[in-house]
Amino acid sequence: MDPADHSAAEPAYGPLRDGDAELVSDLVTRMSGDGARLRLRDKSADYYRWMYEQNPAGRAFVHSARLGDRIVASFALAPKVFLVDGERVLVGKTMDMFTDPEWQGRGLMRRCTDSVFDEAAGAGVAGWYVTPSVNSYPIFTGRWGYREEFSLVYRLRVLRPGPLGGRARLPTGVECREVDRFDEEADKLWARVAPAHRVAQVRDATYLNWRYVANPDHYDLLELRREGRLVGIAVLGRTRRRGIGVGELMELVHEVDDRAALRHLVRAAAARAERNGCRLLQAWSVPGTRLDARLRRAGLRWRRGEVKFLLSPGFPGTSAADPDAWLLSQGDGNDV
Ligand SMILES: CC(C)(COP(=O)(O)OP(=O)(O)OC[C@H]1O[C@@H](n2cnc3c(N)ncnc32)[C@H](O)[C@@H]1OP(=O)(O)O)[C@@H](O)C(=O)NCCC(=O)NCCS
């Protein structure tokens, strides 16, 4: 059969089945062949097993269109525990929206998204956020009424090998250590950090250990202590963008008014990234917010690019439209 002649075959639709991690991995890998722009992270079956099946907030909602032994379209939504206006709510992050080019424009994605959104809403997911590609942006905003309440950019710092050989200069009594995982001290830190943010994913030890320790990708976990007490957490990922090693600041958890902690976390992460051979360090930031001003003062001065960030109709909380309400970092996304 001519591969473009689909008249004889109709895909079958349905939720995630055993063995689909391999098939989704195969689809996404085929699709992002020319698109370093579209995906930066690991696309292995292990990654999909981790993301879809091991999330402590719940299994992902995944629906696919299959033809024989292949998946030709797939869409997923991962549940996330958020605090919104002081309430613990389940929201979602959409991901892995791909239709095989031979099958695009025939309503496959519509079928997959409808099923995922119905199932997620039925399971109590109150709303979701999307970081769309150039291809999916017009679908979400134009056809489905998603809101772009604010813009999101990268703030970055150029790393130059310094005299300390990739070690951070920190004041006496302040220490930054690498750890293998987070424990109950991270929970206590999060309990002190959370009240200052009206919309934020719960960054407790359970979440952080799933996101960065159980993840098949590698991350550096940094704990900042002042007189022995945990006052900050930074998580550093690594990518190559346009041939340059980039340290990706996945997390910067600290009490919002503790500017010294933020400065020291950025300094320590920069030193670690330098040791990893990176030339740039970057973090997500929402321009014009208080957190953005603080990040710039902490040394992430330059602005680069934009990450489109959309909220579904019905995303909970009156604060969600206010960019100053949000604590957002690259860990909330799924490109790294
Ligand atoms: C984006 C993509 C997933 C769409 O898949 P698809 O199977 O072709 O989509 P469908 O045919 O089901 O169309 C879905 C809806 O989007 C609309 N749509 C599709 N392309 C569109 C476009 N370029 N602009 C506006 N609307 C569009 C369709 O009309 C339909 O809306 P409706 O059901 O309200 O009529 C597919 O083009 C793709 O895989 N692109 C490359 C990878 C990518 O960018 N993925 C997004 C990553 S976040």
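Trainee: Which strands does helix H8 lie across?

Mentor: Helix H8 (residues 290–297) lies across S6 and strand S12 (280–285). The helix runs at about 165° to S12. Helices (H or I, at least four residues) and strands (E, at least two) are DSSP runs, numbered from the N terminus. Axes are lines fitted to C-alpha atoms, for helices over the stretch in contact, with angles from 0 to 180 degrees between N-to-C directions. Contact means C-beta atoms, placed from the backbone, within 7 Å.

Trainee: What kind of model is this, and how are residues numbered?

Mentor: The model is predicted: local features need pLDDT of at least 70, side-chain atom pairs count only at pLDDT 80 or more, and totals for chains, interfaces and linings use all residues. Numbering starts from 1 along each chain as its sequence is written.

Trainee: In what order do the seven strands of the open sheet stand?

Mentor: Pairing comes first: two strands pair if DSSP finds at least two bridges between them. Here the order is S7-S9-S10-S11-S12-S6-S13, with mixed pairing. Strand S7 (174–179) and strand S13 (302–307) stand at the edges. Each has a single partner strand, so one side of each is left without a neighbour in the sheet. On average, neighbouring strands of this sheet are turned by 30° against each other, direction ignored.

Trainee: In what sense does S6 pair with S13, and over how many bridges?

Mentor: Strand S6 (residues 152–158) pairs with S13 in the antiparallel sense, over four bridges. Find leucine 156: tryptophan 302 in S13 stands opposite. Then find leucine 152, whose bridge partner in S13 is valine 307. S6 pairs with S12 too, in the antiparallel sense over six bridges. There, arginine 155 stands opposite alanine 283.

Trainee: Is S6 mostly covered or mostly open?

Mentor: Count neighbours. A residue is buried if 20 or more other C-beta atoms lie within 10 Å of its own, exposed if 12 or fewer, and partly exposed in between; C-beta atoms are placed from the backbone. S6 is mostly covered, with five of its seven residues buried.

Trainee: What should I look for in phi?

Mentor: Most residues other than glycine have a negative phi. Aspartate 85 has a positive phi, near 50°. Its place is the loop between S3 and S4. With 13 other C-beta atoms within 10 Å, aspartate 85 is partly exposed. Arginine 242 also has a positive phi, near 50°. That residue is in the loop between strand S10 (229–241) and strand S11 (244–254). Arginine 242 has 6 C-beta neighbours inside 10 Å, so it counts as exposed.

Trainee: How many residues surround the ligand, and which are the closest?

Mentor: A residue is near a molecule if its C-beta atom, placed from the backbone, lies within 6 Å of it. Here 21 residues surround the ligand. The closest are Thr99, Gln104, Met109, Arg110 and Asn135. The elements giving two or more residues to this shell are strand S4 (87–99), helix H3 (108–122) and helix H4 (137–143). H4 gives the most, with four residues.

Trainee: Which classes make up that shell?

Mentor: Ala, Val, Leu, Ile, Met, Phe, Trp, Tyr, Cys and Pro count as nonpolar, Asp, Glu, Lys and Arg as charged, and the others, Gly among them, as polar. The shell has 10 nonpolar, eight polar and three charged residues.

How values were computed
Two residues are in contact if their C-beta atoms, placed from the backbone, lie within 7 Å.
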